[in-house]
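Good morning, and thank you for the time.

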Amino acid sequence: MRREGMELLAGLDELAVMGFVEVLSRLPFFWRLERKVDAILDSGRVDLVLPIDYPGFNLRVAGRAHDRGVPVVFYIAPQVWAWKAHRAGRLARVTDRIAVILPFEEEIFLREGGRAEYVGHPLLDRREDVPDRETFCRQEGLDPARPILAIFPGSRAQELRRHLTLFLDVARRLRERTPELQVALAQAPGISLAHDDPSVRVVEDGRALLRHARAALVKSGTTTLEAALEGVPFVVAYRTHPLTFWLARRLVQVEHVALANLVAGEEVVSEFLQDAATPAALVRAIEPLLEDGVERSRMQEALARVREQMGGPGAAERVAELVEEVLAERGRWSRSGADGSDRKGEG
């Protein structure tokens, strides 16, 4: 968005906080940011608000915009199916459109009276520029003839603290059992992964790594859907603050946490949460996926079904069309003025 000319009030490095306990220390920052947003909304220069994901903060922004008569198109709706189901009705009331990215979400908001539309997942919009296996392995110092285990510990500092040592321990144990196994650690942009195992390769191209890995160990989150779309068999693990986990166990209303399982409607990949995420348990789950056999084939077939359910690319274009529709309905933009000549608003 910055590359497209957007003026940022805060960057992802400041916004990337998850959990109940973890967000407490950041409350003063979020209060200041809300005041900045309120001032912009009160300026009268805003034609439309397009909140993207980040529900805790963006739901409040959407409500404030609605109260001021500013139209709202909410893209990537809050995961109300997981917890705080009352948010579905709240979001329906304060938005003109809700653009959802998971197939089953549309009906949830439609039941609440929202104007929801499944636009597809933004992961499907990525260009098909993944290097072939030979090129990828040569660039990353890997042997294309040997299997690769991909490990994705996360992109937030708090996730790395809880996952990196665990995931590397699992990789070490698997390598002891399968000496030809190569281990590649996915590093998110702007993150430095410190470890003391020279045999573990650090890779920034996570998509290519998933494409060419034999199996993967992935923290819960969007990466589970990325892994499913690439068709790599994987196992999910997640650890968080004990109090956060205790609260989540009492609030979360779904049987699964991995997006791939939620789309499938069943557990197609194994999930290990909190104390269940032990090195021994993860090794037992991953080892069969490294070998040709029933478990690996069954998971590959299930992941292919998940991919089919997600549909095709075009999410960004569909959201842009929704924005145009809403602006036209509110008399703030004319479809005939795509070049800006007939535009009625300013901001």
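The protein has 14 helices and nine strands; helices (H or I, at least four residues) and strands (E, at least two) are DSSP runs, numbered from the N terminus. Please bear in mind that this is a predicted model, in which local features need pLDDT of at least 70 and side-chain atom pairs count only at pLDDT 80 or more, whereas totals for chains, interfaces and linings use all residues. Residues are numbered from 1 along each chain as its sequence is written, and side-chain values use heavy atoms, with hydrogens and water left out.

Of the 347 residues in the protein, 48% are buried. Buried means under 20% relative accessible area, exposed means over 50%, and partly exposed lies in between, with a 1.4 Å probe and protein chains only. The accessible surface comes to about 17,700 Å², and carbon and sulfur atoms hold 49% of that; these areas come from the Shrake-Rupley method with a 1.4 Å probe, and for residues only the protein chains shown count as cover. Among contacts (heavy atoms within 4.5 Å) with a separation of 6 or more, 62% join residues 24 or more positions apart.

Let me turn to the helices. How do α2 and α3 pack? Helix α2, residues 27–42, and helix α3, residues 55–67, pack at an angle of about 25 degrees, with their axes 11 Å apart. Axes are lines fitted to C-alpha atoms, for helices over the stretch in contact, and angles run from 0 to 180 degrees between N-to-C directions. The two helices are therefore roughly parallel, a term for angles under 35 degrees. Their crossing is right-handed, meaning that the near helix is turned clockwise from the far one by less than a right angle, anticlockwise being left-handed. From α2, the residues F30, L33, E34, V37, D38 and L41 meet F57, R60, V61, R64 and A65 of α3. By class, this contact has seven nonpolar, no polar and four charged residues. Here Ala, Val, Leu, Ile, Met, Phe, Trp, Tyr, Cys and Pro count as nonpolar, Asp, Glu, Lys and Arg as charged, and the others, Gly among them, as polar.

Helix α3 also meets α4: their axes come within 9 Å and cross at roughly 35 degrees, and the crossing is left-handed. P55, G56, L59, R60, A62, G63 and H66 of α3 make this contact with R87, R90, L91, R93 and V94 of α4. The residues involved divide into five nonpolar, three polar and four charged. Within α4, residues 86–94, the buried positions are R87, A88, G89, L91, A92 and V94, and they pack against α3, β1, β2 and α5.

Next, the loops. P103 lies between β2 and α5 and is partly exposed, at 28% relative accessible area. Leaving aside residues up to four places away in sequence, P103 touches Y118, Q309 and M310. Between P103 and Q309 there are 7.3 Å, C-alpha to C-alpha, and a sequence distance of 206 residues.

Finally, two backbone cases. Most residues other than glycine have a negative phi. I76, in the loop between β1 and α4, has a positive phi of about 65 degrees and is buried, at 15%. Q274, in the loop between β9 and α12, has a positive phi near 50 degrees and is buried, at 10%.

Methods
Parallel < 35°, antiparallel > 145°, perpendicular 65-115°, else oblique.
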